[in-house]
Amino acid sequence: MMMNFRQRHIVFQRTLVLVFLLTLPALLWAGNVAPYQGSRIFWDLSSRSTVFSTGWYARATQLQDGRLMAVCESGGIAVTYSSDKGASWSSPEKIAMAHDNINMCTPDVLQLSDGTIIVTYNPRPKEPYTTDRKFGIRCKRSTDNGRTWGPEIFVYDAQHTFGDGCWEPTLMELPSGELQLYFSNEGIYTSSNEQDISVCRSFDGGLSWSEPEIVCFRAGYRDGMPCPVLLKDQSEIVVIIEDNGWPGVGDFFPTTVRCPLETNWQGYFVDGTSPNRAKTLDFAYCPNATGGAPYLRVLPWGETVMSYQSAYGRSGKLSMYVALGNEEARSFKSMQHPFIVGDEQTVMWNSLCVLDTGVVAAVGGVGNSIEMIKGYPIQTFQAPYAHPVVNGKIARAEGYFNLLGAQVKMGVESGVQTTADFAYDRDSLYFVARVLDRTQNALPGLSGDGVTLLLDVADRCGVSPLDGMYRYFFRLEGTSMLYKGSDERLRWLTSTDNHSRLAVSTATSYYILEAAIPWTDLGCAVAPAGKSLRVNIELQDNRGGSPSIVSESIVDSDTKASWTWMPLYLQPSEEMSIDAQSAASGDGVSMKLQGRTVVIESPQPLLSASAHTTAGQLVGKASGPSTSLKLDIRGAKTVVVSCRLADGTAVSRTLTTAP
């Protein structure tokens with residue numbers, strides 16, 4: 001039986017957890033496993049918009065004036081702009097037209113630090129071929145923010161036939177001002193089907209270009225479709241490519257090649273055996289990692305995000321996949337496909353645009369049009385101190401982290417758009433979820449529609465359900481069920497000790513679940529203000545078909561393994577003084593701001609420390625063991641600082657820099 005993406009992803013997640021479990025000593029089965037590291041993307045299904053009504057191979061960027069600009073091939077090279085972060089787009093205009101039976105293809109766009117906008121593209125002659133019409137790379141410049149465009153500039157020519165052409169140019173500017181243009185080149189391999197990745201350089205803002213130099217080449221194969229980035233710390237140039245030469249794969253595979261910035265490809269390239277060539281994903285546990293057309297970007301805080309297209313499990317129909325990597329563009333995970341499409345639709349020749357806020361805009365060729373959808377990378381959820389009214393309604397004044405109760409956005413796997421949010425006070429933890437569902441099924445028991453909230457209040461980071469872990473199933477029919485973890489049984493046990501309050505409201509197209517969970521039910525004498533819990537959210541939708549129940553949880557999370565869940569930070573307030581909480585706990589940890597640096601001191605060794613913005617983005621981290629650690633918070637105004645002590649205790653506080 002062919003599995004769909006969600007089923008394959010669940011198998012992948014469970015396989016990873018199983019492999020992890022098999023490698024653990026028996027003494028770790030009680031918990032305190034290293035927690036999941038890195039952000040996860042939460043896609044907003046309501047943000048999907050059409051960039052070009054017709055077109056192919058789109059790329060987008062955010063300009064210095066805040067607008068978005070997108071380019072695509074559509075009977076030439078078309079450009080469009082958005083002044084509202086992608087919600088709507090201007091009428092496309094052509095800046096390069098086909099001529100002499102030569103198509104203009106595969107554009108890329110970049111705004112330089114001096115404000116110049118450059119669009120590069122790929123002239124491709126059509127048959128009958130003639131020697132005076134060659135496959136090549138060209139570019140155009142705008143020095144007035146895209147209002148007018150200069151003449152076409154020559155970059156490179158390959159041969160005049162399709163088998164010996166050049167392809168897919170893409171741009172990057174280095175801190176020195178050097179402009180680099182990477183492309184796939186088979187123009188020099190006229191007696192074989194091989195292809196390399198080459199780079200041309202410009203030192204005058206794209207007015208003139210150097211001869212190409214080889215960046216990477218795997219003998220006998222076809223490195224293709226490059227996309228370069230400079231890592232946040234400016235240590236390395238990393239280029240993601242498609243590589244069809246990995247042993248045992250038999251397909252293209254998104255792959256990175258890299259070199260130090262100080263080397264800058266001078267007299268150096270990455271061959272097929274170089275340690276500087278690496279797969280982005282683990283093929284052994286992620287078979288849908290095969291595919292081509294990769295794209296790579298760096299998030300403002302340093303993590304990396306890639307996309308690629310794959311037909312795995314889709315009967316030859318390509319779809320877009322997105323995954324997050326660490327600050328070195330390695331260890332990619334949190335993989336999802338952001339566009340929900342039918343079984344016969346494709347999402348092809350895709351790209352990513354990272355906004356200045358860190359929002360990731362996925363740009364895909366859905367059928368014959370170009371569409372965009374936004375995703376929100378989050379490492380830590382936030383719960384502000386507030387007093388929501390538990391009535392099944394979401395009001396702006398209730399105090400949830402998001403004014404509309406939509407901090408968490410889900411639905412790309414199930415197709416059921418769901419938002420959720422948190423708040424807390426002295427008495428209770430508050431949870432609200434809004435589910436867009438026109439086929440509501442309020443059955444009693446375990447088979448009806450509803451949302452499950454899983455909590456690891458003791459931060460056990462377990463690989464199985466343990467003491468201090470709770471599982472609430474809030475049902476559309478108006479009741480809830482509670483399960484508790486057990487150190488003795490290592491599984492969920494039904495509990496009747498459930499004093500949570502649940503309110504449900506319904507409409508034709510949606511329902512809202514709002515709950516208050518007493519802290520005493522969670523084993524807490526007082527609200528753990530300034531601390532982090534771990535949470536997971538699962539949606540259950542009974543559609544009455546086959547399969548009747550469709551479910552979705554936070555990406556890369558497992559119901560039984562709280563080390564895979566998301567942190568939930570309880571923001572301190574004047575009513576719940578963080579200093580009082582710290583003194584009561586006796587941890588003795590001191591956190592002080594010195595300029596843009598957080599200095600942490602502790603009477604016992606600190607194993608690790610990290611700083612996040614209130615939106616959950618990582619802005620600084622350090623590791624021990626040491627009784628003193630320092631964090632550079634990169635200009636953030638308010639940060640949540642978390643550290644783990646040698647005895648396993650977790651301490652978190654919110655710090656705000658002086659205005």
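The points below take up the sources, then the salt bridges, then the pocket.

1. This is a predicted model, in which local features need pLDDT of at least 70 and side-chain atom pairs count only at pLDDT 80 or more, while totals for chains, interfaces and linings use all residues. Residues are numbered from 1 along each chain as its sequence is written, and side-chain values use heavy atoms, with hydrogens and water left out.

2. The structure holds 18 salt bridges (a side-chain nitrogen of Lys or Arg within 4 Å of a carboxyl oxygen of Asp or Glu). One of them joins Arg 218 and Asp 243 at 2.8 Å, N to O; Arg 218 lies in the loop between strand S13 (213–216) and S14, and Asp 243 in strand S15 (residues 236–243), so the pair ties together parts that are 25 residues apart in sequence. Strands are DSSP runs (E, at least two residues), numbered from the N terminus.

3. Asp 243 also meets Arg 277 in a salt bridge of 2.9 Å, N to O, and Arg 277 belongs to strand S17 (residues 277–279), 34 residues apart from Asp 243. Asp 243 is buried, at 0% relative accessible area, and Arg 277 is buried at 4% (buried means under 20% relative accessible area, with a 1.4 Å probe and protein chains only).

4. The second largest pocket has a volume of about 900 Å³ (an open set of points on a 1 Å grid over the protein atoms alone, where a 1.4 Å probe fits, with protein on both sides within 12 Å along at least five of seven lines; lining residues have an atom within 4 Å of a point; the volume is the space filled by probe spheres set on the points). Of its 29 lining residues, the closest to the centre are Thr 61, Leu 110, Arg 297, Val 298 and Val 354, and S6 gives the most to the lining, with four residues.

Terms used
Buried < 20%, exposed > 50% of the residue type's maximum accessible area, 1.4 Å probe, protein only.
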